[in-house]
Amino acid sequence: MRSTLLTAVRNLGILAHVDAGKTTITERILYATGAVHKRGEVHDGTTVTDFDAQERDRGITIFAAAVSCSWGGHRINLIDTPGHVDFADEVERSLRVLDGAVAVFDAVAGVEPQSESVWRQADRYGVPRIAFVNKLDRAGADLDTAVASIRERLGTVPLVVQLPVGREDAFTGVVDLLGMRALLWSAGSDAYEAGPVPESLREEAGRRRRALEEAVAELHAEALEEFCATSALTERTLIRALRELTLRGDAVVVLCGSAYRNRGIEPLLDAVLAYLPSPADMPPVRGTVAGGAEQERAPDPAEPFAALAFKVTATATGRLTYVRVYAGTLRKGESVLDPATGRTERVGRILRVQADRHEEREEASAGDIVAVIGLKAARAGTTLCAPGAPLVLEPPSVADPVVSVAVEARRSTDTGRLAAALARLVEEDPSLAVRSDAETGQTVLSGMGELHLEVAVEKVRRGHGVEVDVGRPQVSYRETVVRGVTGLVYRHVKQDGGAGQFAHVVLDVEPLGEAGGFEFRSVVVGGRVPQEYARAVEAGCRDALAEGPLGGYPVTGVRVTLTDGATHSKDSSEPAFRAAGRFGLREALRASTVELLEPVVEVTVSVPEDAVGGVLGDLAARRGRVSASTAGSGAAVVTAAVPLAELFGYASRLRGRTQGRGTFTTRPAGLAPVPASVAGVVLTR
């Protein structure tokens, strides 16, 4: 029976660039399914999922919000994710636990920078998607242009299953190309009326239906057989083939509408049920057990319990830990194990979440997304499992912070409260980091961008009542090896009474290339350095990477090879070889040629054509490298790679140069060498 229930569940996210309409779509879904009885609006601050005061003030989604609703006999667990690049880590954690997603695109702008970023994030986790081209009622909206951008920029095969009825302000509905019928919404009506395809669109609809059949037949073997036999595909065959292509990631089904006008939402919900997977369609979750062996658990309530925590928040009702249950059943009052720490905690309450409202439940089983109260140590990425059946699941990746500010309490009596508030922030948001500067003694808060840090500081002020002074933002530089050294010998010998320490290592250091990161390998033969000591050398090398020789910045993009070494029968130990790895690599880095790296972002600036010259000059002054520039209909779009350090305060400068008509978006573009003239200034700060 539970298998049937699993097939009636959909766990999906709404993904898009900022302002593409994600939250409005979520709101209309809740309204269409009867989960709410009044439509909220982003501009009024009345939406269900943007319930945080800062989200309502700023008019954007900042925190991923979970809601549930029912449609067509199915339970839909939906997560509305942020669209701003500074909050991409919220999207990352959500995608780790979702089975499917709806990617939303602006019918005027098509694929925007963050649209592409979240699409790539979904690619990494293999999340099946359907697409919804929104805002067809806007001036300049064009479905075909938006679909072309999906094909060109995302490298996927878009399969359009609808044709708009009317353009821009005259948009009134869609033609369903599968059922060959028109779905029309009249002014002031929340429900559509199905009818025949309008005479003026019949030829175009027939042509597009034929193109859809041919495209599906090219990608799907069974559909190809039917197409060759009958020269057509039935609606049933199309639906089955589209579902299989979606689940395999071979194509993306494209629908369209206008969420603001409440047009196209019901067909979108039908498509979610028809094409996106249920937990029963997903492969068994894989994790590791003691000894590093892999183990699978099927999405079955009878299996041992296994779940992943993906979000932690503090609320008036207590500390909420959001979890995705992959296998087994969790009941209120039971204990769960964190296999990474060996700690067991008791679950006090289980809640089904509706944004900031909660409905208590007695249990949660495979396929559910719920929040639990009672866990004090769990963090985002923590595996929770049955105490008798440990299993460690892969956590979502966490990006390294790129911007930092110094923060201090305005009143010295609030120093302790500030420390507690910052600790709570880091607990809730793993992409934030807090450290104490060894030279200045200042507390440094690091995050993914200026807005990310602004939101965090404001959360301290509003949520904890602590007035905070904030320093100027600083970017997180890195150091990398340009030319390494070979055969560096380091002997670690320490004798101060009792057992001594002895370790002898020979290291080669070389650049790792554009991949970045750190790679360690041992090519020692003959057992001169036992494997456990080689692992200790690797740990010591990782310690040394925390501070580079130029300015004490972390080191990346380096490969270290342990080529030889020696041990002592009594004095060699893992701590001794770890120390040898740490001090040996430090010495090797000082002997290598090292350069400074800085974070670079891709900036997309939209401005009136008469302001392009000033914008290009300003980007050049900020060391920007323009990669593309297009113009049309009185507006221009400029794309450039700009060092993040040069973008502080750019929003106000752009507004000034364009009389408030210019906008820009950014997305991370990796690291790039700092010019020598700039590096000298950075290293003398």
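Helix α10 buries Ile 265, Glu 266, Pro 267, Leu 268, Leu 269, Ala 271, Val 272, Leu 273 and Tyr 275, where buried means under 20% relative accessible area, exposed over 50% and partly exposed in between, with a 1.4 Å probe and protein chains only. That makes nine of the 11 residues of α10 (residues 265–275), so this helix is largely enclosed by the rest of the structure. Helices here (H or I, at least four residues) and strands (E, at least two) are DSSP runs, numbered from the N terminus. The model is a predicted one, in which local features need pLDDT of at least 70, side-chain atom pairs count only at pLDDT 80 or more, and totals for chains, interfaces and linings use all residues. Residues are numbered from 1 along each chain as its sequence is written, and side-chain values use heavy atoms, with hydrogens and water left out.

The largest nonpolar core holds 44 residues, and those touching the most other members are Leu 12, Ile 76, Val 102, Ile 130, Val 216, Leu 242 and Leu 255. To this core α10 gives the most, with seven residues. Another core, of 38 residues, lies apart from it and includes Val 407, Val 460, Val 605 and Val 615. A nonpolar core is a set of buried Ala, Val, Leu, Ile, Met, Phe, Trp, Tyr and Cys residues joined through side-chain atoms within 4.5 Å.

Contact means heavy atoms within 4.5 Å.

Over in strand β39 (residues 663–673) sits Ala 672, which is buried at a relative accessible area of 14%. Its contacts, leaving aside neighbours within four places in sequence, are Leu 596, Leu 597, Glu 598 and Val 600. From Ala 672 to Arg 181 it is 54 Å in space, C-alpha to C-alpha, and 491 residues in sequence.

Zooming out, the chain has 17 helices and 39 strands, and 52% of its 685 residues are buried. Of the contacts with a separation of 6 or more, 71% come from residues 24 or more positions apart. The C-alpha atoms fill a box of roughly 95 × 65 × 60 Å, taken along the principal axes.
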